[in-house]
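Here is a short report on a protein model. Look over the sequence and the structure first, then read on.

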Amino acid sequence: MLGAPTLGALPGWLSGTWTGADRRGSMPRMETEQRTVTANGITQAVRVAGPPDGTPVLLIHGNCSSAPFWEPLVRRLPPTLRVVAPDLRGYGASETAPVNATRGLRDFSDDVAALLDDPALFGAADARPVVVGHSLGGGVAMRLLVDHPHRVGALLLAAPVSPYGFGGTRDLAGTPTTPDFAGTGAGTANPDFVARLTAGDRGTDAPTSPRAVLRATYVADPVSLGSDEELLLDSLLSTATGDDNYPGTAASSENWPGMAPGERGVLNALAPTWFRLADELVAVADKPPVTWVRGDADVIVSDTSLFDLAYLGSLGVVPGWPGEAECPPQPMVGQTRAVLERYAAAGGAYHEVVLPGCGHSPHLERPAEFVAELLALTTVPAS
């Protein structure tokens with residue numbers, strides 16, 4: 001989500017199930033090629049791999065990243081899958097189209113939904129891919145399921161944003177902490193991180209540099225970035241900045257800590273003012289299976305998130321915190337579990353996988369387990 005102030009380095013695969021010819025000499029390693037398509041009225045860059053008639057898998061990246069963030073995963077997938085990984089608007093090589101935050105994450109999900117009808121991407125007009133969403137991408141995937149349930153074969157949520165949005169809620173039911181969801185949205189972004197992101201800073205001289213943030217918050221142990229660190233940093237640095245993209249516009253608030261979500265840009269689209277779909281998700285009539293994968297060392301999406309201003313306030317990092325009774329940290333993990341339990345009780349099914357010692361990027365940090373969970377949702381055997 002990448003919005004909170006600095007705390008240390010914080011601003012706002014190993015062994016795999018499938019290794020390919022370079023390790024086992026059995027099957028070729030998956031490689032992506034980039035295509036450019038026009039869908040939902042914008043130009044979108046899309047990476048594809050595998051045969052058009054392969055089992056379809058749609059990969060949706062998170063905030064401050066792009067489709068190449070999936071490359072380390074794609075290399076480990078069997079070549080019988082058809083993998084499609086778009087750059088969301090304002091990321092990577094896709095058009096820097098504006099994000100209307102009042103639609104929540106629908107600008108993104110509508111862009112992705114338009115790709116499902118392109119036979120050059122999926123090989124069939126009625127494709128129902130396994131949809132994999134990371135972080136913000138998990139919210140986009142949930143929105144896609146709510147709006148187009150007949151187009152989602154299964155859902156894999158990797159460290160997803162809560163169905164009640166990011167920040168500003170106090171309990172498992174997503175009750176607002178304040179009427180205007182103060183302490184969420186674009187105003188929570190660290191301005192130095194935004195400036196360095198805009199400048200394409202690749203240095204290590206400050207805890208707010210994009211490289212430092214990548215190492216400290218995207219993963220629990222930066223060793224897991226391995227030789228892909230530059231690729232992943234390139235992906236992070238592809239983020240378009242400004243009022244219409246990252247982080248967006250902010251509004252003032254009479255409530256602590258003095259800011260509330262605006263109506264434009266990515267961080268506002270994640271705010272609970274505009275992104276709240278728990279009830280809609282539970283009410284989906286055609287419920288595909290859901291697998292939720294998360295690390296227990298995630299510092300971004302957590303019940304003690306270092307990007308939640310309420311939690312930072314409780315640590316004394318953000319001054320003036322009004323206390324636990326008035327402004328408790330958001331129970332992000334607890335909320336997601338509560339909503340998925342309701343989803344299951346309403347006729348769906350979900351499976352939670354908790355990876356010890358893993359941070360915010362399970363597909364990078366624990367690739368073997370991640371690939372196994374993905375393949376379990378497809379017709380492809382895991383071995």
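Arg196 touches Asp201, Asp205, Ala206, Thr208, Ser209 and Pro210, leaving aside its neighbours within four places in sequence. The model is predicted. Arg196 is found in helix α5, residues 191-199. Is this arginine, Arg196, buried or exposed? Its relative accessibility is 19%. Buried means under 20%, so Arg196 counts as buried.

One of the contacts of Arg196 is Pro210. Pro210 also belongs to the contact between helices α6 and α7.

The table sets out the packing of two pairs.

| Pair | Residues | Angle between axes | Axes apart |
|---|---|---|---|
| α2 and α4 | 106-115 and 136-147 | about 65° | 9 Å |
| α6 and α7 | 210-218 and 229-237 | about 110° | 10 Å |

Take α6 and α7, which pack at an angle of about 110°. Angles of 65 to 115 degrees count as roughly perpendicular, so α6 is roughly perpendicular to α7. Which residues of α6 and α7 make the contact? Helix α6 supplies Pro210, Arg211, Leu214, Arg215 and Tyr218. Helix α7 supplies Glu229, Glu230, Leu232, Leu233, Leu236 and Leu237. By class, the contact of α6 with α7 has seven nonpolar and four charged residues, with no polar ones.

Now α2 and α4, which pack at an angle of about 65°. These helices, α2 and α4, are therefore also roughly perpendicular to each other. The crossing of α2 and α4 is right-handed. On the α2 side, the contact is made by Arg106, Phe108, Ser109, Val112 and Ala113. On the α4 side, Leu136, Val140, Arg143, Leu144 and Asp147 take part. The contact of α2 with α4 divides into six nonpolar, one polar and three charged residues.

**Annotated span**

Where does UniProt place the feature "domain: AB hydrolase-1"? The record, an unreviewed entry, puts this feature at residues 57-372. In the model, that span of residues 57-372 is 31% helix and 13% strand. The end C-alpha atoms of residues 57-372 lie 14 Å apart.

How values were computed
Residues are numbered from 1 along each chain as its sequence is written. This is a predicted model: local features need pLDDT of at least 70, side-chain atom pairs count only at pLDDT 80 or more; totals for chains, interfaces and linings use all residues. Side-chain values use heavy atoms; hydrogens and water are left out. UniProt positions are given in the numbering used here, feature names are shortened, and annotations may be inferred rather than shown by experiment. Helices (H or I, at least four residues) and strands (E, at least two) are DSSP runs, numbered from the N terminus. Axes are lines fitted to C-alpha atoms, for helices over the stretch in contact, and angles run from 0 to 180 degrees between N-to-C directions. Angles under 35 degrees count as roughly parallel, over 145 as roughly antiparallel, 65 to 115 as roughly perpendicular and the rest as oblique. A crossing is left-handed if the near helix is turned anticlockwise from the far one by less than a right angle, and right-handed if clockwise. Contact means heavy atoms within 4.5 Å. Ala, Val, Leu, Ile, Met, Phe, Trp, Tyr, Cys and Pro count as nonpolar, Asp, Glu, Lys and Arg as charged, and the others, Gly among them, as polar. Buried means under 20% relative accessible area, exposed over 50%, partly exposed in between (1.4 Å probe, protein chains only).
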